[in-house]
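Okay, thanks for making time, everyone. I'd like to walk you through one model today, so let me put it on the screen.

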Amino acid sequence: MGEHLTFIASVTALLVRAVPVTLLILAVSGVCATALATGLTAMSVARSPLPRLIQRTWTFLFRGTPLILQIFMIYYGFAMVPWIRHGILWTAFRDPVFCTCLAMTCCCSAYIAEIFRGALAAVPRGEIEAGRACGMTGFMLLRRVIAPSLVRIALPSYSNEIIMMTKSTSLASTITVLDITGVAQQVIAHSYRTLEVFCAAAALYLLINAGLSALLAALERRLDVDRAVPSISVPPTLEPLS
Amino acid sequence: MTVPPPVLTATNIRKSFGDREVLAGISLEAREGEVISILGGSGSGKSTFLRCLNLLEVPDEGQIAIGDVQAPLARNRHGRLEVSDGRAAARLRMQTAMVFQGFNLWPHLTVLQNVMEAPLRVHRRDRDEVLATARSLLERVGMAGFHAAYPKRLSGGQQQRVAIARALATNPKLVLFDEPTSALDPERVREVLALMRSLAEEGRTMIVVTHEMAFARDVSGRVVHLMNGRVESSGSPAHMFGADATAAFRAFLAPAAL
């Protein structure tokens, strides 16, 4: 039993060193996918049909195909394209971390854009009309009225998507990235002790996601005006209509 | 005595939704300090008409002016009327305010922030001034103790009183009320009507779409009865609720008299 524990401890120490790689992929693709999704959402409500068509096609392609195939296509597939292979782009596309981030950005932006699109449709029309009625337009209306409601509506689903993304980063290990899963498979190749290593890796993902969940839940609580208890003091008195 | 200048001039407003003609050419002029009640059965077009006045709905035909500023309506290449200049439309709306049936307060802002939002962000007025105005308005509508409360925590009547304070915060030339008491239970209706009456008494120019006959009769200076998208009859309350009332308006009033 003691031998098990020392092995798990030493494996965990190795895996912990791979945590920054996992977090890097998550952070880069999380930020880029969210930014891209914001653009896609704007396109989905554009007046002219072309941006709407682009958004729909984007969603259709990247939501409809497996992420792992997208990663393979970018990492292995683009290496077959001469002008990428021999061009300046090769410095980026030869890097498996870059390829993972790119694939995840494309794929997850499609999902996040759908979340934002649904939330946008759910922003009460009356709130927007109240903004327009007092003279708000364009960006101010978006920033002061639409966005605050949209964020609150989207946050639960968005949190879910971020948790999913954390787990998806493990696919990077299939194209040689030494993230948590990659290191775990390396250790197994040497030690053949599958269960302990995978358990230790799983525990690390659990920890990361527990942290993220807590963070996102805190944000949700912070934005939830219903929890902020106001100080209601003086009851109003008014002359009734005679 | 001189006649006060018109605050609103709406001429021959028409609007159809698909095949259904909702407004069949309505004209209305509101002079400074006037309180006009618009009455009519459901589907008579009264809310649509009100929403055309601040361009929340774009009429198919007609002209609207606030003061002497024309609403920026022009025909597009398909011949349909549309808002030709969004900024000009926004400037026009800045001169008016609207109180909605469903209150439509911004849920993520406190009562005080709701009232301060338009003068502060849209009109870019001085913060201290805006704060002072907001405080006195909330005091006025009986919501002084609720500055930090969020709208969700308030009753319907309280929300509507905050919405009225929000509407007054920019000191608009014209306040549009779209069935302000229809979503309230009877005891809350009274507090909102009392507030509206006091606004009328201080000389606010108001156009009120309402089902409250007592308000129309006792508070407004003019009553307009809409039927099938037209002005069926209009006049002073004494005239409209007196012996000269048209048969159609009497028929409209009849259920209320039971």
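This is a predicted model: local features need pLDDT of at least 70, side-chain atom pairs count only at pLDDT 80 or more; totals for chains, interfaces and linings use all residues.

How does the radius of gyration sit against a compact globule? For 258 residues you'd expect a value near 18 Å, and chain B has 18 Å, so the two agree. As for burial, 48% of the 258 residues of chain B count as buried. And if you take the contacts in chain B with a separation of 6 or more, 65% of them come from residues 24 or more positions apart.

Chain B has an open sheet of six strands, in the order 8-9-10-3-11-12, and the pairing is mixed. Which strands stand at the edges? Those are strand 8, residues 96–99, and strand 12, residues 230–235, of chain B. Each has a single partner strand, so one side of each has no neighbour in the sheet. On average, neighbouring strands here are turned by 20 degrees against each other, ignoring direction.

Let me zoom in on one pair from that order. Strand 3 of chain B, residues 35–39, runs parallel to strand 11 of chain B, residues 222–227, and there are four bridges between them.

Now, what about the nonpolar packing? The largest nonpolar core has 86 residues, and the ones touching the most other members are Ile38(B), Val115(B), Val162(B), Ala165(B) and Ile207(B). Helix 6 of chain B, residues 186–201, gives the largest share of that core, with seven residues. What does Ile207(B) touch, leaving aside its neighbours within four places in sequence? The list is Ala30(B), Ile36(B), Ile38(B), Leu50(B), Leu174(B) and Leu176(B). There's also a second, separate core of 40 residues, and Ala18(A), Ile71(A), Ala154(A) and Ile162(A) are among its members.

Back in chain B, there's another bit of strand pairing to look at. Strand 1, residues 6–17, pairs with strand 4, residues 61–66, of chain B in the antiparallel sense over five bridges. Thr11(B) is bridged there to Gln63(B) in strand 4 of chain B. Strand 4 of chain B then pairs with strand 5, residues 69–70, of chain B, again antiparallel, over two bridges, and Ala65(B) has Gln70(B) as its partner in strand 5. The hairpin of strands 4 and 5 of chain B has two residues between the strands, and Gly67(B) takes a positive phi near 60 degrees in it.

Speaking of phi: most residues other than glycine have a negative one. Two residues here go the other way. Tyr192(A) has a positive phi of about 60 degrees without being a glycine. You'll find Tyr192(A) in the loop between helix 10 (180–191) and helix 11 (194–223) of chain A. Then there's Glu179(B), with a positive phi of about 45 degrees, and that's not a glycine either. Glu179(B) sits in the loop between strand 9 (174–178) and helix 6 of chain B.

Are these two buried or exposed? Tyr192(A) counts as exposed, because it has 8 C-beta neighbours inside 10 Å. Glu179(B), on the other hand, is buried, with 20 other C-beta atoms within 10 Å.

Last topic, where the chains meet. The contact takes 30 residues from chain A and 37 residues from chain B. On the chain A side, the elements giving two or more residues are helix 8 (125–133) and helix 9 (138–168). That side of chain A divides into 16 nonpolar, seven polar and seven charged residues.

Helix 8 of chain A also turns up around helix 2 of chain B, residues 86–94. The buried residues of helix 2 of chain B are Ala89(B), Ala90(B), Leu92(B), Arg93(B) and Met94(B). What covers them includes helix 8 of chain A, together with strands 4, 5, 7 and 8 and helix 3 of chain B.

That's what I had, so over to you.

Note on methods:
Residues are numbered from 1 along each chain as its sequence is written. Chains are lettered from A and ligands numbered from 1 in the order in which they are written. Two residues are in contact if their C-beta atoms, placed from the backbone, lie within 7 Å. Ala, Val, Leu, Ile, Met, Phe, Trp, Tyr, Cys and Pro count as nonpolar, Asp, Glu, Lys and Arg as charged, and the others, Gly among them, as polar. Two strands pair if DSSP finds at least two bridges between them. Axes are lines fitted to C-alpha atoms, for helices over the stretch in contact, and angles run from 0 to 180 degrees between N-to-C directions. A nonpolar core is a set of buried Ala, Val, Leu, Ile, Met, Phe, Trp, Tyr and Cys residues joined through C-beta atoms within 7 Å. A residue is buried if 20 or more other C-beta atoms lie within 10 Å of its own, exposed if 12 or fewer, and partly exposed in between; C-beta atoms are placed from the backbone. The radius of gyration is taken over C-alpha atoms; the globule rule is 2.2 Å times the number of residues to the power 0.38.
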